[in-house]
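Hi,

Here is the structure I promised to pass on. Have a look at it first, then read my notes below.

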Amino acid sequence: MIETAINFALFTMLVVTAIAAARIRHLFAVVMLSGAFSLLSALLLVTLDAVDVAFTEAAVGAGISTVLMLGTLALTSRREKIPSHRPTIPLIVVLVTGAAIIYGTLDMPNFGSANSPAQTGVAAEYIERSPHEIGVPNIVTAILASYRGYDTLGETGVVFTAGVGVLMLISGLRTRRRREDEEDDDEAEEAG
Amino acid sequence: MFLVAAVSLLVSMVIVLARLFAGPTLYDRVLAVNSFGTLTVLFIGVLGFLTGRPDFLDIALLYALINFVGTIAILKFFRYRAIGDVSASRELGQ
């Protein structure tokens, strides 16, 4: 009962934040709103007992994303252009997709149900075998780093490649800017 | 008692969100997001005690750290108009 009320209050704030972020044209305010949005969804995930997902949401959504979007704002305009077309068709697409997702949740098992596929599948076996097969107290870590070790290695490789790519792009931009600046200075000296 | 604390935290969240939506200046909004982060930390702590799992307190501490770093980044952006290498942007500014 209490948790339902808390979830209801948090979801209401989440929806209001999302609508405000869509309506405000000042992009800096939208970045701040998206930070608050991430904190709210992290809170919701904590109430759903998914603390690890919640922590990722808070670190990535409220932390890194805010910083990255601010960095983008430093390079681009700080005001959103007023869209020239009406948002009717996108709204319909979003509503239909949302309805489909809600329809999909109808035959899902209840939250925390013991008969859900997640509980009746391989989970029991992992819980039983990982302590003596792997010897790591945290079962999630045992699955990620050992049973699915190659998968995790591949994911790490993807993230590493993306990070290196972004760093190369940004450093190229910065040296180009500096060079342009020096050229401007040279021209100014010649003119003076 | 924890229920009262949780409800009052939710009410203060609504108030802070209102400031975040309305906030005429940018600093109002920065301060609102920062207070919202603090309220999140407190709410996670209270939620842990409310549902009988005080070990949520560790998670709340981690959120406090993230909130601090995020606010520092935003304020650094205000000061230097750039996030990364401050010395380079200073040179650009001169």
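A definition to start: helices here are DSSP runs of H or I with at least four residues, strands are runs of E with at least two, and both are numbered from the N terminus. This is a predicted model, where local features need pLDDT of at least 70 and side-chain atom pairs count only at pLDDT 80 or more, while totals for chains, interfaces and linings use all residues. Residues are numbered from 1 along each chain as its sequence is written, chains are lettered from A and ligands numbered from 1 in the order in which they are written, and side-chain values use heavy atoms, with hydrogens and water left out.

**Salt bridges**

I counted a salt bridge when a side-chain nitrogen of Lys or Arg is within 4 Å of a carboxyl oxygen of Asp or Glu. Over all chains there are two. Arg129(A) pairs with Glu133(A), with the closest N and O atoms 3.0 Å apart; these residues are four apart in helix H6 of chain A, so about one helical turn separates them. Salt bridges with shared partners link Glu125(A), Arg129(A) and Glu133(A) into one network. The other pair is Glu125(A) with Arg129(A), at 2.9 Å from N to O, and again they sit four residues apart in helix H6 (residues 123-133) of chain A.

On accessibility, buried means under 20% relative accessible area, exposed over 50%, and partly exposed in between (1.4 Å probe, protein chains only). Glu125(A) is partly exposed at 46%, Arg129(A) is partly exposed at 34%, and Glu133(A) is partly exposed at 39%.

**Where the chains meet**

With contact meaning heavy atoms within 4.5 Å, 35 residues of chain B touch 39 residues of chain A. Buried area is the accessible area (1.4 Å probe) that two parts lose on being put together, summed over both; here it is about 3,300 Å², and carbon and sulfur atoms give 82% of that. Zero salt bridges were found across this interface.

**The core**

A nonpolar core is a set of buried Ala, Val, Leu, Ile, Met, Phe, Trp, Tyr and Cys residues joined through side-chain atoms within 4.5 Å. The largest one has 50 residues, and those with the most contacts inside it are Leu10(A), Phe28(A), Phe43(B) and Tyr63(B). H2(A) supplies the largest share of this core, 13 residues. Setting aside neighbours within four places in sequence, the contacts of Tyr63(B) include Phe55(A) and Val46(A) from chain A, and Ile44(B) from chain B.

Cheers
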